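The entries follow the order in which I checked things.

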2 protein chains.
Amino acid sequence: MARAVLALLWLRWALSCAAPPNVVLLLMDDMGWGDLGAFGEPSKETPNLDQMASEGMLFLDFYTASPLCSPSYTPQDIVGGIQDSEILLPELLKKAGYTNKIIGKWHLGHRPQFHPLKHGFDEWFGSPNCHFGPYDNRAHPNIPVYRDWEMIGRYYEDFKIDLKTGEANLTQIYLQEALDFISKQQASQQPFFLYWAIDATHAPVYASKHFLGTSQRGLYGDAVREIDDSIGKILKHLQKLGISENTFVFFTSDNGAALISAPKQGGSNGRFLCGKQTTFEGGMREPAIAWWPGHIPAGGSLRAKYNSLGQAEENMRPKPTVLFSVSKLNNVLKVSRQLGSVMDLFTTSLSLVGLQPPSDRQIDGIDLLPAILQGKLIDRPIFYYRGNEMMAVRVGLYKAHYWTWSNSWEEYSKGIDFCPGQNVSGVTTHSQEEHSTLPLLFHLGRDPGEKYPLSFASDEYQGVMRRISVVVQQHKDTMVPGVPQLNVCDKAVMVSC
Amino acid sequence: MARAVLALLWLRWALSCAAPPNVVLLLMDDMGWGDLGAFGEPSKETPNLDQMASEGMLFLDFYTASPLCSPSYTPQDIVGGIQDSEILLPELLKKAGYTNKIIGKWHLGHRPQFHPLKHGFDEWFGSPNCHFGPYDNRAHPNIPVYRDWEMIGRYYEDFKIDLKTGEANLTQIYLQEALDFISKQQASQQPFFLYWAIDATHAPVYASKHFLGTSQRGLYGDAVREIDDSIGKILKHLQKLGISENTFVFFTSDNGAALISAPKQGGSNGRFLCGKQTTFEGGMREPAIAWWPGHIPAGGSLRAKYNSLGQAEENMRPKPTVLFSVSKLNNVLKVSRQLGSVMDLFTTSLSLVGLQPPSDRQIDGIDLLPAILQGKLIDRPIFYYRGNEMMAVRVGLYKAHYWTWSNSWEEYSKGIDFCPGQNVSGVTTHSQEEHSTLPLLFHLGRDPGEKYPLSFASDEYQGVMRRISVVVQQHKDTMVPGVPQLNVCDKAVMVSC
Ligand SMILES: [Ca+2]
Ligand SMILES: [Ca+2]
């Protein structure tokens, strides 16, 4: 079977006169939609990511599968799943001849059977968990750091994080690991998958000395600037080695900014409502950039008419607009309005390599390549889950809330606020409010901040909800619940491990 | 005197082998900081303005002089002042040989003595007031539209605005006026000043048929898209005529988005607090772009260290960062952190032409050319006025509120809300709260949304407020109050005219 897949792949790439593309996934931790200049951060301190966007494609409507670090993993998650029965992307890529490396945080437990090298990865530098702590006694030891099978130290002991100054050298170490791995793979002419899951923007945030105090945004901004600088160096390295046109790079984050830690230890979700842990846009809409020089076409802008669901009409798809002159076209950001999900990266990566997704299970992710390479828009809903509850659904530009909840009155009364400074009456509720019979409906184009629910009596509400109800019913009829896993970013769980 | 000025100008331009640059000021009405893609609007529907930014320079910290349409005009206002004693920019430019045209809204009254052609303009197409209405009887007639001295019709009668569909052809008319004027001036080789003050984004918002339904953002977005398209055509026209390198273009807005009209008739202030009529960032921070091909240097990014006031250190000014390769540098947005004000456009325009500001009066505006051409940062405070009350002051990255007020309880209880969905305890107050003895202090870098006041007891608060107090005292000691004028965008005033 593996031989047959390999043979097919060779055939495909031989015919196309190109090597299979490398895949680099840059996954941020708790970075928000509003933390990048290209997404409107008012200090504009991410020139490298903005440059990446201007050379690639910006996804404006890209979602995480869960507003927390480690959701109830389902098979299609990019590196999710610790059950042996689940198939991870690196396992499939390995069969296709790829060398796979994970740098940074492995969300899926630290017992031997959960080790990433048992799940398709060939190399690992990083830790099985979040870096917060420190835990300095034997009952609650500090988080270990691994190189492949070997534990090489612990955070706060061998890998310093100064909680007072915020100084830590970790992002530089992760950067060097990435550059070295890319160099090694290029030298050996072997295709690779690099999963760079770094955590400098997860509280307690950190940056190395060179970046401390360089951001207008304080320590959190320093961490973002160091990440921005590092990603610039990774892309430049790919270009210098001459493999940028054969390397597909995707940047995104695992959930919205943690507003409970803002402003000094948390990021920004821009104008979106609330943050991490909620199913409002601030909790689940992520910055996302695809980069693949020579493959993503010249910039285009919207020339669409919208139908009653706020979807661009089929025959009026975004077409390139010629501005000034062709030579200047590349100054215009290429943006995609495709509704995307982190789950799509599994299917998209397989598609890049020429592999089919496993046929023995349901795969929720879609292949984003038509959106990236041809500017197509694929009609698909987005479901917003909190735990196992479907809280909301997005269809076209409309989002219907079946449940609303920010956080509990008990937490709120202690000063914990998932929506600081924001208060939308009947929406940012502190009790779990069910709206299943009469969902709250928002138009995210006119109202990205989810501030103005549509009137229940309006024709717009009635017409849109009729169509959304069908989508939700179909979803509930066909859904296969995943096996919930521990949320290993939860302090209580970590301490109990 | 005029002859001497002219002679000096000729000398200056003869020596520099260049004609004096044309000046184009594009002033939007009620457009918010968050309405442009380059400033983070989530639908990214302004490719022309984003292109303008990528070819020019983006000002991230640019302020209006008042959160309302027509403030208490002081002499330095760009086109403000209806007192004959006040000197307007076009009067000075006219003496330097410029032809001056105003297209759109003239804020300063419609009686003959207030006519723009009595205040330095050579041509006018537009109206003396806002377009709202209609007023269909003799007691409250519709707003007239003028061509130069002649009234050529009235809104809603001769210049249609369909309040049901939002269709109106006005932006297309204003665009054609601008293109024709530019062509005429280019043909006659005469320098020009064009003041393009259009109002499609002021409620009731409108767009022409071609743009209706093309925005994800509804009618307001349609208006923005038509303006974006028009500005693209103006810039392209300058390029086609070969005069773009000799034309300085500046884009900004007169106040923040009117959130009371949002989401269908009002724009967005992004992540900033509240909107028009308030002195929070949402009321007064404006989108701003300078464009002058061939004069604004290649993109740079911040490499600064910040002092205790959050000002970039003199010896650590922003320096260009080389990304990838020199040929790709122009993909990086050039941004300026210079604190700017619409009042600076008076001084800056004079500086462009080589004129000195009048010496017989106090000029608050500064010359922005060093910021635009050399990337310099000039230390200066920003004062936030509401009427004649100094509500707040910004020094470096810090903003101190001496008074807080959103709107009155009486208005609020009727559903009028200047801060919809936002509620920052003790900040967005519905009574006028004085904090002069202990101002509320925010760090706008870490907290652009003014959500987290600094602790009064902190060293940071104490140190910063000591320095801000000195700035405020100096301001109060030297301020010359302007003569308050009518706010002609106020319905009550208009109706009473
Ligand atoms: Ca996370
Ligand atoms: Ca206005």
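Is B:Asp254 buried or exposed? I found B:Asp254 buried, because its relative accessible area is 7%, and buried means under 20% relative accessible area, exposed over 50%, partly exposed in between (1.4 Å probe, protein chains only). B:Asn255 is likewise buried, with a relative accessible area of 0%.

Before going on I noted the ground rules. The model is predicted, so local features need pLDDT of at least 70 and side-chain atom pairs count only at pLDDT 80 or more, while totals for chains, interfaces and linings use all residues. Residues are numbered from 1 along each chain as its sequence is written, chains are lettered from A and ligands numbered from 1 in the order in which they are written, and side-chain values use heavy atoms, with hydrogens and water left out.

**Entry: calcium ions**

I looked up the protein donors of the calcium ion (ligand 2) and found B:Asp29 (OD), B:Asp30 (OD), B:Asp254 (OD), B:Asp254 (OD) and B:Asn255 (OD1), 2.3 to 2.7 Å from it. Donors here are N, O and S atoms within 2.8 Å of the metal (3.2 Å for Na, K and Ca); water is not among the atoms, so sites may look incomplete. The sequence spacing of these donor residues is D-D-x223-D-N.

For the calcium ion (ligand 1) I listed A:Asp29 (OD), A:Asp30 (OD), A:Asp254 (OD), A:Asp254 (OD) and A:Asn255 (OD1), lying 2.3 to 2.7 Å from it. A:Asp30 sits in the loop between strand S1 (22-28) and helix H2 (47-55) of chain A, and A:Asp254 in the loop between strand S8 (247-253) and helix H6 (281-284), 224 residues apart. Helices (H or I, at least four residues) and strands (E, at least two) are DSSP runs, numbered from the N terminus. A:Asp30 and A:Asp254 are both buried.

**Entry: the two chains**

I counted 71 residues of chain B in contact with 70 residues of chain A, contact meaning heavy atoms within 4.5 Å. Between them the chains bury about 5800 Å², 51% of it on carbon and sulfur atoms; this is the accessible area (1.4 Å probe) that two parts lose on being put together, summed over both. Which elements of chain B give two or more residues to the side that touches chain A? They are helix H2 (47-55), strand S2 (57-63) and helix H5 (219-240). H5(B) gives the most, with six residues.

**Entry: one threonine**

I found A:Thr429 in the loop between helix H9 (409-413) and strand S16 (433-434) of chain A. A:Thr429 counts as buried at 11% relative accessibility.
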